[in-house]
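Subject: Structure handover

Hello,

Here is the structure for you to look over. My notes on it follow below.

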Amino acid sequence: MNKMLTEQDFIFKNNGIATPENGSFTWKTPSNIALIKYWGKREPQLPENPSISFTLDACFTLTTLEFTKCKLNNKNVQFDIFFEGKKKGDFKPKIEKFFTLIQQYVPFITDYNFVIHSRNSFPHSSGIASSASGMAALALCVMSLEKQLNPTITDEFFNRKASFLARLGSGSASRSIEGELVVWGNHNDIEDSSDLYGIKFPSTIHDNFKNYHDTILLVDKGEKQVSSTVGHNLMHTHPFAEKRFEQAHQNLSKLKSVLQNGNVKEFITILESEALTLHAMMLTSNPYFILMKPNTLSIINKIWEFRAETNSSICFTLDAGANVHVLFPEKEKKSVNQFIVNDLLPFCQNNHYICDRVGLGAKQIK
Ligand code: DP6
């Protein structure tokens, strides 16, 4: 059994190695889609229940962190951020907050002036959250700098601390470091699972779930009316919260068995129930809100009809928005793609969709 890491283990200890004068690191970091949803958190960015996600492949953020030693002793991290080549002042507060939160674990970051260059493979206004891949990419760049200061750290520690730091930026970012399935949050049946960071799903995955596809139907590309942060906070006073958190634990136990035994029917039931429960929590929050659109429901009904008619293993999941993630096994690629193009695209904004699949995790670009 590996050693469970505690918060203390993540505090960088000065080992006397001189900090580099300048340099840069680049990471390509994927987005992820939760199968068991994280909805509800407590300070400091800890989940109220464990979640598990497929790491994606085509949806990613590419981030370069350039660093130059600064002459002055700064209390706060100095940085500029460029998004798709343009200086982005409005991204600054979120990143500033992130740097402030991680400073106690990576104190060397105040020795530098940083320039961050970032871009996403998916359109910025696609309704696809970029905080998971974006925060994970930045955390990985900071970890590359730590690795230069302490080359003895293991790959496992590197990934766990990257996930730990990313989590402080955005909860779901903790699941964007490794592939193909990542668990974040403590669960009795999952060895080594932790609220502090994500881990690779530790059991063997049945072949039925290898190379799973996720076609993302862009139903509404506008800004969400209610942010995830607000939605999470409403779980503090939600009348059904405790039951929901319990249910997530039970669903993860069931899904763990299903991922090992290959029962696709049961997989579908768990996933769709999780997606609808997430939105049911939104519908029953105080104040209540709805992020699904009429076309979200039309797509769900079409998927159910198609499944009943063809015995396909197609299913859907949703994140905190109107877009629909259509999941299906590799062997149904042809028939499901045809169904999507013929029957589902009319419900997408400007017929837009993204073909993605399960991926292997973040990669450093040298
Ligand atoms: C519905 O990770 O975006 O996608 O921690 O406040 O940044 P913050 O929230 P975020 O919440 C994700 C919610 C979700 C479910 C999930 O990804 O598990």
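Which residues are linked with R42 and D195 in a network of salt bridges? The network is made up of R42, E48 and D195. A salt bridge here is a side-chain nitrogen of Lys or Arg within 4 Å of a carboxyl oxygen of Asp or Glu.

Before the rest, some ground rules. This is a predicted model, where local features need pLDDT of at least 70 and side-chain atom pairs count only at pLDDT 80 or more, while totals for chains, interfaces and linings use all residues. Residues are numbered from 1 along each chain as its sequence is written, and side-chain values use heavy atoms, with hydrogens and water left out.

Salt bridges

The structure has 14 salt bridges. One of them joins the side chains of R42 and D195, at 3.3 Å from N to O. R42 sits in strand β2 (residues 41–42) and D195 in the loop between β8 (181–184) and β9 (198–200), so this pair ties together parts that are 153 residues apart in sequence. Helices (H or I, at least four residues) and strands (E, at least two) are DSSP runs, numbered from the N terminus. R42 is partly exposed, at 34% relative accessibility. The cut-offs are these: buried is under 20% relative accessible area, exposed is over 50%, and partly exposed is in between (1.4 Å probe, protein chains only).

R307 pairs with E272 in a salt bridge, with the closest N and O atoms 2.8 Å apart. R307 belongs to helix α7 (residues 294–310) and E272 to helix α6 (residues 264–283), so the pair ties together parts that are 35 residues apart in sequence. E272 is buried, at 7% relative accessible area.

K333 and E330 also meet through their side chains in a salt bridge (3.5 Å, N to O). K333 is partly exposed at 36%. E330 is partly exposed too, at 29%.

Helix packing

Start with α5 (residues 241–261) and α6. Their axes come within 10 Å and cross at roughly 160°. Axes are lines fitted to C-alpha atoms, for helices over the stretch in contact, and angles run from 0 to 180 degrees between N-to-C directions. That crossing makes α5 roughly antiparallel to α6. Angles over 145 degrees count as roughly antiparallel, under 35 as roughly parallel, 65 to 115 as roughly perpendicular, and the rest as oblique. The crossing of α5 past α6 is left-handed, meaning that the near helix is turned anticlockwise from the far one by less than a right angle. Residues in the contact (heavy atoms within 4.5 Å) include L255 and V258 of α5 and F267 and I270 of α6. By class, this contact of α5 with α6 has eight nonpolar, four polar and four charged residues. Ala, Val, Leu, Ile, Met, Phe, Trp, Tyr, Cys and Pro count as nonpolar, Asp, Glu, Lys and Arg as charged, and the others, Gly among them, as polar.

Next, α6 and α7. Their axes come within 14 Å and cross at roughly 165°. The two helices are therefore roughly antiparallel to each other. α6 passes α7 in a left-handed crossing. I268, E272 and L276 of α6 make the contact with I300, W304 and R307 of α7. Four residues of this contact of α6 with α7 are nonpolar, none polar and two charged.

V341

V341 is part of helix α8 (residues 333–344). V341 is partly exposed, at 41% relative accessibility. Leaving aside neighbours within four places in sequence, V341 is in contact with P346 and Y353.

Best wishes
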